[in-house]
Amino acid sequence: MSSLKIQDLHVRIGDKEIIRGLTLEIPKGEVHAVMGPNGSGKSTLSKAIGGHPDYTVTSGDVLLDGKSILGLAPDERARTGLFLAFQYPMEIPGVSNANFLRAALNARQPEGEEIEATEFYEHMYEEMDKLEMRREFTARAVNEGLSGGEKKRNEILQMAMLRPKYAVLDETDSGLDIDALRIVSAGVNAQRGPETGFLVITHYQRLLDYIVPDVVHVMVEGRIVRTGPKELAYELEEKGYDFIRDEIAEPVSA
Ligand code: ADP
Ligand code: MG
């Protein structure tokens, strides 16, 4: 089965359980949104999928095209075709954006082979133009001193170059003004297609006007409590998250 499948996942940070039995499947070719209030565990979910060492998976599984990735190190997960864009992208002082991207691409080449420099720069400039990024940016250290919006564009540039099978985008809209939101969303939309699955995590419905999801999931307190069509996002925007909290707090009648 071509999908990114999260199966009854439980995740702890220290001794606190944050993800509490979360199940979700993103078939290749689809865009799924996860919406949820602050603190519901959305970023924890993306970190756990990426293999961050501070996030302990106590049970359940994460399957990429049917194979568990939980035993893999973060870089190995990336090589299987997983990409994560974090809510707070990491800064890597001393490593230029161009070198970082080249190293990431070369890591995927067969042993001993490298991408040709001219080809690499052509490809990078082409993708940067789409994201309206200035050329000088390539020489700057990864994410260092970049504004929130520039970091987000940089994440999308990395994704555009790496062409992952599955991409998890955590709050890609945070810190973006409306122009940047439009450009970044167009960058994501350009990569939609039968070969890619997306998990788009967001607190606000706004992003989903630009990246229209196939399916919306609502996450509360570490679980998916509701799954529906894209219209579910409007219902949430209108009523807030409390209506779902109230619903799930009600005892199930016999
Ligand atoms: P969301 O992204 O939905 O806002 P998070 O996954 O960031 O939620 O956080 C979920 C819960 O986990 C919150 O209660 C938060 O305080 C806690 N948490 C997140 N990261 C850490 C951490 N590194 N150490 C301790 N607690 C954390
Ligand atoms: Mg978050």
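**Notes on the predicted model**

1. A98, L101, R102 and L105 in α3 meet A117, F120, Y121 and M124 in α4, where contact means heavy atoms within 4.5 Å. By class, this contact has 7 nonpolar, no polar and 1 charged residues. Ala, Val, Leu, Ile, Met, Phe, Trp, Tyr, Cys and Pro count as nonpolar, Asp, Glu, Lys and Arg as charged, and the others, Gly among them, as polar.

2. On conventions: this is a predicted model, in which local features need pLDDT of at least 70 and side-chain atom pairs count only at pLDDT 80 or more, while totals for chains, interfaces and linings use all residues. Residues are numbered from 1 along each chain as its sequence is written, chains are lettered from A and ligands numbered from 1 in the order in which they are written, and side-chain values use heavy atoms, with hydrogens and water left out. Helices (H or I, at least four residues) and strands (E, at least two) are DSSP runs, numbered from the N terminus.

3. Two packed helices are described by the angle between their axes and the distance between the axes. For helix α3 (residues 97-106) and helix α4 (residues 117-130), the axes come within 11 Å and cross at roughly 115°. Axes here are lines fitted to C-alpha atoms, for helices over the stretch in contact, and angles run from 0 to 180 degrees between N-to-C directions. α3 and α4 are therefore roughly perpendicular to each other; the class covers 65 to 115 degrees, with angles under 35 roughly parallel, over 145 roughly antiparallel and the rest oblique. The crossing of α3 and α4 is right-handed. A crossing is right-handed if the near helix is turned clockwise from the far one by less than a right angle, and left-handed if anticlockwise.

4. What else does α3 pack against? Helix α5 (residues 148-162) packs with α3 at an angle of about 35°, the axes being 10 Å apart. This crossing of α3 and α5 is right-handed. From α3, the residues N97, F100, L101, A104 and L105 meet N154, L157, Q158, M161 and L162 in α5. The contact of α3 with α5 has 7 nonpolar, 3 polar and no charged residues.

5. α5 also packs with helix α6 (residues 178-190), at an angle of about 15° and with the axes 10 Å apart. The two helices, α5 and α6, are therefore roughly parallel to each other, and their crossing is left-handed. R153, I156 and M159 of α5 make the contact with A180, I183, V184, G187 and V188 of α6. These residues divide into 6 nonpolar, 1 polar and 1 charged.

6. How many aromatic pairs does the whole structure hold? A search finds 2; rings of Phe, Tyr and Trp (its six-membered ring) pair if their centres lie within 6.5 Å, and planes under 30 degrees apart count as stacked, over 60 as edge-to-face and the rest as tilted. F120 and Y121 form an edge-to-face pair, at 5.2 Å centre to centre and 80° between the planes. Y121 and Y125 form a tilted pair, at 5.8 Å centre to centre and 50° between the planes. Y121 and Y125 both lie in α4, 4 residues apart, about one turn of the helix.

7. Is F120 buried or exposed? F120 counts as buried because its relative accessibility is 1%; buried means under 20% relative accessible area, exposed over 50% and partly exposed in between (1.4 Å probe, protein chains only). Y121 is partly exposed at 28%, and Y125 is partly exposed at 26%.

8. In helix α1 (residues 42-50), 7 of the 9 residues are buried, so α1 is largely enclosed by the rest of the structure. The buried residues are K42, T44, L45, S46, A48, I49 and G50. Just after α1, G51 takes a positive phi of about 90°.

9. Most residues other than glycine have a negative phi, and most peptide bonds are trans. D65 has a positive phi, near 50°, and is found in the loop between β4 (55-64) and β5 (67-68). E132 has a positive phi near 55° and is found in the loop between α4 and β8 (141-142). At 51% relative accessibility, E132 counts as exposed.
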